[in-house]
Amino acid sequence: MAVSCQADTELRDLDEEQLWEILESHRYRIVRSTCPNRLTPYLRQAKVLDQLDEEEVLHGPQFTNSAMRVGHMLDLLKTRGKNGALAFLESLKLHNPDTYTLITGLEPSIDLNNFSGLIETSKLTECLAKAVNSLQEELTQEKHQKASLLHHCRQLKDRVPQLEAQNKCLRGIEAEHNRMKREVSSHFHEVLKLKDEMYNLSMHYTNALQEKDLAITRSQGLQEELYLMKQELQRARVETYYERERSLRMPSDLQPQADELLQLREENEKLRSLVELETFSLVQKDILEQNLDEALEGKQELLNRIHSLREQAVIAENQRKQYWEEKEHTLIECHKMKVDCEIYKEKISALQGQVAELQKERDQAYCARDAAQLEISQNLLEKDSLRRKVFELTDQICELRKQARQQQAELGSRVHGVKGEGLASLEPGEQWPKRKQRLVRMHAICPGDESQGSLSVSELCSDFGVRTSHELPESFRSCSPVPPCKLSLQKRATQECLESSLSTSSSQEFLEVDFSLIAGEKAESSDLEYEMVEKDEGNAQPLDLDPSASESTPIRRRPARRILSRITTIAFHGTALLEQISIIGGNQTGIFIHRVTPGSVADEMSLFPGNQIMVVDYEVTDPAFKAILEDATLEEALWVLKRVNGFCCLSVRMNMEGYKRLVSDLENKVVTSGDSFYIRANLALEGKAAGELPVQCNDILHVTDTVFRGESQWSACRVNPYSMKDMDAGIVPNYYQAQQRLIGLIQDMAQQSTSARKSSGGQPKLVRIISTDKSKINPLWSSIDCNVYDPNKADGALLARAAGSCFTLMPYTLVRPHKLAQLRPVLFVPTLLGKILSDKLCLTKGFEKCPSGLLCEAECTAQNRSLVREKGEPDSRCCVTRQALQLLLEKDVHSLLDVGLECMRALHAAGIYPILLLVSISEKNAKKLKKALQRLGATEEQLLDCVRREEAQLEKVPCLYGTIAPNTWSDLDALVSAVRAAVANEQKKIVWIEQDLH
């Protein structure tokens, strides 16, 4: 004790700066492990905090978690000086002794004499008493929780036998299912064998065709080679012929030259002889010399002319050869074209032969189909005649049984005393003659649920008893080859049930019909199975047709199955259809007929509760109207059926299991309808009326009823953003009412002045402007794809409101949830500030930049589906690849993206859902980022312009985003801390993505 007193004295001796330096060094551990609402009562008693300070610490809206509250409390205590530090340490000594030991290194001592004197002893006792009372209340709550858990455990133990019984029943169903699967497997193997045989035959046929094509191609090649050889031979012959002519022509060309030479020689000899014999005068010599010169000149001219003619002959010969080669090439091409034409003619003739064979096979198939249809028609006629005989024999049996009972009653009244002796004296084989057994159909067994395989007589009698007074006798026993309709089969079963119930006290077997026949489908006799059954004192026994056969062996050919998923299309005159039937359900369970008005056309067409409406076809009267109600809401289905007022076609199917489950949930008030879908609110609703749910813009709502309490309003719940659980429930306006409110809010905002809008900048967002295609009545409806709204034909309050609505504005948008286990990428708005934050966050653990690079045009085209283009020019090739994002996700870090908001849809399409954070910036905050902006070469005005521009783009982003308020950070380091906390918070949330309605 002395040691603890000395330690407390040492703490009091420390000055203010040393005490707060100790606390600030352990600030992180203090804010993580301290609960502020436990410490504030003591601090108020010590008068270091007042009531306003306590209210600000515990309930301040700017503090979203306990750590922020404790940090603010420490800041307030720091302004109180040394007394604040001592009072805080004493409160830790009382409520958090471990933290006290960690900070001071001293063991806590609860001694009233060792406190600092900031609080009186009586008040300290009162404070301690309050702390003890709070601990006792926590203990009581834990005890209540333990009792509730024990009660829940007992309930679970009580459910164990029920679950075991259900397990046993399911095992039986599984055994039957396995047996049927084995049968199906055996048939499937047979079909596979037949398919293999057919495949082998087709392969042989294909190989033969390929060999034929190869032979044809080879023959064509050989023909082309033969033609080329013939052309070469002809060319060689022509060349030989011309060479021979040329060789013969050359001596004849040289002959004139030899004659001229001889003449010149003779003249030369003459001249020489004259010169020798006579002497010429000078005149004669001059004349002779002149003649000689002229002769020489003439000779030179002749030589020149001969030379030029030879050159022309060579040129002509070259041209002749060129023209000859062109002629040969043309002839070869022409021959090739002729050969190709002949080949194409052969192919066309072969194709025509194949077409003729196919036409013959088609005609044979048509003949076989006609023969099969004729055979089916004959079989149906025989089957109907046998059916009539069966019913006649059944009537006779009933009459004979009535007569036998009357005779038995008369004999019993006369010989009552001797009845036992007479029966005892009879032989065992002569005791009573066997009555003729009735021919009935076996109960169909559903492959998926054996418990629904058969129906009792009382159930069918109660189901058909209402309709017997309204049935027409024309279709009861038909002679037409067309199979009997569903109504006729029900009449037969009903009449048999009523006759047997009137004639005997015990239930008789009757003909069970398959209520899942599709309209227009012909029933085959092979699908039916019959059994001879005799009722004797309530026990069914098989008829012994063969004396050697055992009486306990039932006669059964093959298992019958009821297919509940078949759809029946019923055409009838649906005047005021909603007055003939009433419906329940929604988009999650389907739309079911709940009640049918007795005596109406719908009742006569055998519509009854449990029928699920799949399609409403009103195209005969309204060509643009056809709705699929399989995934429609109750509001949508009521609107569709309200428009039907004439001849229509309803496609329904029997889904009794789903209908019973829905009725049970409605009776037990588990649900109020079969609707269930999620929407994103694009406007703020105040919820002034009683029962209305106040909604903020961008809230996620779970709509559970679109016609709540029979009125045009929705029942919805606000969804927990972390667990998808329903929280606050209430009434919200339907789509058209919310659309009118959205228009009113936009008009009010348009009338506000600029100063008013600036003064209300800190208020929550009121609207989000989203538009869609104008050609749809309601973008949330899925049954009608085209615009079927006509203001002249619209009736009712719903369509009256729709007529005045602006179809392009959407107050709600459909969303779907995505729960991700891996760390999500992060994208900051504005992107200019995102670059600064990315550089800071990369220095911390858990964050890493996503790499990007320039790609060539070929790479960009090859990886087009795995790229996310960065913001910039449209033809920019700077991209972020999906592979790079996937590598960072595998590292279990947050990847920091530097892309624009226009890439969000591409990221969502690739299965990547980044965290989108909007950092709101005021002019005061922008000044604190001046140095960081200068490093990027930007200014404060550019940052504010970027914020305003990208905040407007956030309206079109199909996902939610987080916001960091400007008053939550004071410098860049505080902003980084706030961003890390916001990213951790957004990672825990469910991702909601809007469905694309454009």
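pLDDT is the predictor's confidence in each residue, on a scale from 0 to 100. For this protein chain the mean pLDDT comes out at 76, with 72% of residues at 70 or more. This is a predicted model, so local features need pLDDT of at least 70 and side-chain atom pairs count only at pLDDT 80 or more, while totals for chains, interfaces and linings use all residues. Residues are numbered from 1 along each chain as its sequence is written, and side-chain values use heavy atoms, leaving out hydrogens and water.

Two stretches call for some caution. Residues 497–564 stay under 50 in pLDDT, yet the model gives them 144 contacts (heavy atoms within 4.5 Å) beyond four places in sequence. Residues 753–761 are also below 50, with two contacts beyond near neighbours in sequence. Where pLDDT is low, the predicted coordinates should not be read in detail.

Helices here are DSSP runs (H or I, at least four residues), numbered from the N terminus.

Helix α21 (residues 831–841) is mostly covered, with eight of its 11 residues buried; buried means under 20% relative accessible area, exposed over 50%, partly exposed in between (1.4 Å probe, protein chains only). The buried ones include T831, G834, I836 and S838.

How values were computed. Helices (H or I, at least four residues) and strands (E, at least two) are DSSP runs, numbered from the N terminus.
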